[in-house]
Amino acid sequence: MPLLEVTDLRTSFHTRTGVYRAVDGVSFSVDRGETIGIVGESGSGKSVTCASLLGLVPQPPGRIKGGPVRFDGTDLLALGSTGLRRIRGRRIGMVFQDPMTSLNPYLRISDQLIEPLLIHEKITRPAALERAQKMLEAVGISDAARRLHAYPHEFSGGMRQRVMIAMALIARPELLIADEPTTALDVTVQAQILELLQKLRRESALAIIFVTHDLGVVSGLCDRVLVMYAGRIVESAPVEMLFHAPRHPYTRALQRSIPALQPKGRALHAIPGMPPDLSRPIAGCPFAPRCEFATDRCRSETPRLVEIAPGHAHACLRAQAGEIPSPLP
Amino acid sequence: MSAPLLELHDVRVHYPVESGFIIRRRTGTVKAVDGVSLALAPGEVLGLVGESGCGKSTLARAILQLAPVTGGSVVYAGRNLTTATAGELRAARRGLQMVFQDPFASLNPRMTIFDTLAEPLAVHRVVPRDQVGARVTDLMNKVGLAPRLLHKYPHEFSGGQRQRIAIARALALEPRLIVADEPVSALDVSIQAQILNLLSGLVRDMGLALLFIAHDLSVVKHISDRVAVMYLGRIVELGPAVDVIERPRHPYTRALVSAIPSFDAASRRQRILLPGEPPSPIDPPRGCAFHPRCPYAQERCSAGVPPLLAAGPDRVAACVRLEEI
C-alpha cells in the first residue's frame, strides 16, 4: 500500500471575480522511501496541492472537493482539524519556500525546534533540547550547542532553511513535503541542502514530495516526477524517462526552453502565450492554445492521464494516439 | 576588438558602518565592491555572476552612478562619470540604461505603459512631440508587445510582459549599453526563454553592449560572450563564457559550477560542497577572501590579496595556486 494516495483532488477558490480552479482533478501516490518531484510554472497548482493535503488551505475562500487523500489508510480530507494536528508535524513534516518569514522572529530557535516534540511526544524539556541539538547537527549546523539558543535573525538564509528542515524532521515523520525549499537560496547553499535531503532519505525510509519549478533540481533528487499545468497533472514519469523521453508537448517545450540543455547560441524555445485563466472553464486540453500540435479535437475533448509504459503516464490526446513523433535524439 | 565602450578602473564602493546612539562613530567599512576593473566593447555581452551579497548589484549601480563610487573610475565612451557634473551625467545616461530584477516593482503602477515609455523621450527631448506616439509604438513592436496594450496599466500585465515593458523603456533613448540586473530571475522558465531570446536579438540587431547580471550560471553561459565571477566585492575569474563555465580555473568558480543542479548523472557525483557561507563584507578574511572555504587553501593564501593572473587565452583568475591545482 502506498504511504500517500491522492485521488481526484480538486481545490478551488471562490472569489469575487469567479471560481478559480487551482487544482483540478489531481491523482498520484507516494511510496515509503520514495522521492517525487512536482514541477510546474507559477500558478500551475503545485503549492495548492501540497497545502490541500495538509489542510492548510483557508476555507473560505478555498473549497476542497474530490478525494480521498489517504495517508497510511486514513483520509486526510475527512479528518477534522484536531485529527490533522495529530498527523501534521509528527507523521508529515513540512518545509516552505521562504526561510526569512517562516520562523517566528520573537522566539529562540530552541523553542521553535522543540515545539513539535512537546506537542506530539511525552518528553521532558531537557530531553527535547538534546534531540533538537542532535537534529541541528544532523542538518549541518556547526556549533549547534550555542546556536540552538540563538534567534532567527542571527542566522543567514541557508542556515534558516536548515533550521526549517530540522524542525520538519525532528519528530521523525514518514513523509516530508518541501515546497520550493531551495528557491530562495544561492546555488552553493542549494547544493548543501539537496545533499542533506539525500543523506536523510538514505538513512531513514523518509518519503519526500519536492515541489519546484527548477527541472535541474528534480533531475538530481527525485525518483519520479509529476509535471503540472493549469491545475492538472499532464505527465508523470520516472525521472530519467521524463528527461530523455518526454511525451507531452508541454514537457517537451519546457525541456527545450532550459538554457542548460541547449547548445549555446541557439535561440531558446519559447512557449508562446501564457497559461490559461483558471477562473474560466477550460474546454479540452488546457495547453492546447499554446501547443504546436493542437488540433480541433484537443480544443474540445478533455484528455485523461493514460499510462503508456510502466510508470509513465501523460495527458495528451495526440501523443496517446501516436500522432506525435517521439522526440528527436 | 574595438575600443571599449565602458571601462572600470579599480572601482570601489565602500559604505561606512556607524554605531552609537547619540554620538555616531564610524566603526567599520562594508567593502561592497573592492577594486573591480573591467572593459566592455560595443556589441559584447558580459555576464556577471556570484552569490547574493557578492557585490554584483552594487557594481551595476555604481556603473550608472546610482551607488556612491568611493574610489577608482567609471569611464563611459571616453568620459569619466565619477567626476562628471550633473548635466554631463544626465547626457551620458541617455546611452546607459538599466533593467531591474523585479518587473513588479520597477514600473510605476499609476502610469500607463504609454506614459512610462514616453517619459524618457520627453525628459531628454529625443523626438518632437508629434512623433512620440510613433516612437512608442515602434518600441512596443521591438519588444514583441501589441501597441494596442499601450493604454493599460502595469497590473494588467504578467511578469514576462512587464519585463518586456521595462526593456522597452530602457531602449527608448537608443542606449549603447544596457545593464540588466537579474532580468530573468523572477520569471518562469518558458517566459525566461522569451526574454533571453529578446535580449540576444536586441544585442545582435542594435549592436548594444549588455552587462548581464545573474546568479544562474547556465543562463549566463547561454547569453554571454565573456563572464566575470565575483566573490566578496572582487572579481576572482574572468574569461570567455564557455571556457570559464566548462573549464573553471579558480577554486570558487569550480565549486560554483559544480553546484549547478545537473541533468547529467556523471557530473552530479563530482559536486564540490563548500563549507559554510560567504563571509561578511564588514569583516572579510585576510588575504584571499575565499581561503576559509577553499579546499586548496594554504598558509600563504591568507598572506595577501591575490592579483588576477593570466589563466589561459583572454582569461584571468585571482588565485596564487593557479598553476598547482
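**Figure 1. Helices α6(A) and α7(A) run roughly parallel to each other.** The model shown here and in the other views is predicted. Helix α6 of chain A covers residues 157-169, and helix α7 of chain A covers residues 187-203. Their axes come within 10 Å and cross at roughly 15 degrees. An angle under 35 degrees counts as roughly parallel, and the pair is therefore placed in that class. The crossing is right-handed. From α6(A), the contact uses A:Gly158, A:Gln161, A:Ile165 and A:Leu169. From α7(A), it uses A:Val189, A:Gln192, A:Ile193, A:Leu196 and A:Leu200. By class, 6 of these residues are nonpolar and 3 are polar, with no charged residue.

**Figure 2. The buried residues of α7(A) and their packing partners.** Helix α7(A) has 17 residues, which should span 24 Å at 1.5 Å a residue. The C-alpha atoms at its ends are 24 Å apart, in agreement. Buried residues include the run A:Val187, A:Thr188, A:Val189, A:Gln190, A:Ala191, A:Gln192, A:Ile193 and A:Leu194. A:Leu197 is buried too. Within chain A, the buried residues pack against α6, β9 (207-212) and α8 (215-221). Across in chain B, they pack against α9 (251-258).

**Figure 3. Helices α5(B) and α6(B) cross at roughly 15 degrees.** Helix α5 of chain B spans residues 159-171, and α6 of chain B spans 189-206. The two axes come within 9 Å. The crossing angle makes α5(B) roughly parallel to α6(B). The crossing is right-handed. On the α5(B) side are B:Gly159, B:Gly160, B:Gln163, B:Arg164 and B:Ile167. They meet B:Ile191, B:Gln194, B:Ile195 and B:Leu198 of α6(B). The contact holds 4 nonpolar, 4 polar and 1 charged residues.

**Figure 4. The buried residues of α6(B) pack against elements of both chains.** Helix α6(B) has 18 residues. It reaches 25 Å from its first C-alpha to its last, close to the 26 Å expected at 1.5 Å a residue. Among its buried residues are B:Val189, B:Ser190, B:Ile191, B:Gln192, B:Ala193, B:Gln194, B:Ile195 and B:Leu196. B:Leu198, B:Leu199 and B:Val203 are also buried. In chain A, the partner is α10 (249-256). In chain B, the partners are β3 (45-49), α5, β7 (177-181), β8 (209-213) and α7. Just after the helix, B:Gly207 takes a positive phi of about 65 degrees.

**Figure 5. The side of chain B that touches chain A.** Here 28 residues of chain B are in contact with 34 residues of chain A. Elements of chain B that give two or more residues are α6, α7 (217-223) and α9. Helix α6(B) gives the most, with 6 residues. The chain B side divides into 13 nonpolar, 9 polar and 6 charged residues.

Figure 6. A:Pro60 sits in the loop between α1 (46-53) and β4 (62-66) of chain A. A:Pro61 belongs to the loop between α1 and β4 of chain A too.

**Figure 7. Positive phi angles at B:Gln65 and B:Leu232.** B:Gln65 is not a glycine, yet its phi is about 60 degrees. Its place is the loop between α1 (56-63) and β4 (71-76) of chain B. With 18 C-beta neighbours inside 10 Å, B:Gln65 counts as partly exposed. B:Leu232, also not a glycine, has a positive phi of about 50 degrees. It lies in the loop between β9 (226-231) and β10 (234-240) of chain B. B:Leu232 is buried, with 24 other C-beta atoms within 10 Å.

**Figure 8. The surroundings of B:Phe100.** B:Phe100 lies in the loop between β6 (96-99) and α3 (113-123) of chain B. It has 19 C-beta neighbours inside 10 Å and therefore counts as partly exposed. Leaving aside residues up to four places away in sequence, B:Phe100 touches B:Ser106, B:Ala166 and B:Asp181. B:Glu299 is 199 residues apart from B:Phe100 along the chain. Their C-alpha atoms are separated by 41 Å.

Technical notes
Residues are numbered from 1 along each chain as its sequence is written. Chains are lettered from A and ligands numbered from 1 in the order in which they are written. This is a predicted model: local features need pLDDT of at least 70, side-chain atom pairs count only at pLDDT 80 or more; totals for chains, interfaces and linings use all residues. Axes are lines fitted to C-alpha atoms, for helices over the stretch in contact, and angles run from 0 to 180 degrees between N-to-C directions. Helices (H or I, at least four residues) and strands (E, at least two) are DSSP runs, numbered from the N terminus. Angles under 35 degrees count as roughly parallel, over 145 as roughly antiparallel, 65 to 115 as roughly perpendicular and the rest as oblique. A crossing is left-handed if the near helix is turned anticlockwise from the far one by less than a right angle, and right-handed if clockwise. Two residues are in contact if their C-beta atoms, placed from the backbone, lie within 7 Å. Ala, Val, Leu, Ile, Met, Phe, Trp, Tyr, Cys and Pro count as nonpolar, Asp, Glu, Lys and Arg as charged, and the others, Gly among them, as polar. The expected span of a helix is 1.5 Å times one less than its number of residues. A residue is buried if 20 or more other C-beta atoms lie within 10 Å of its own, exposed if 12 or fewer, and partly exposed in between; C-beta atoms are placed from the backbone.
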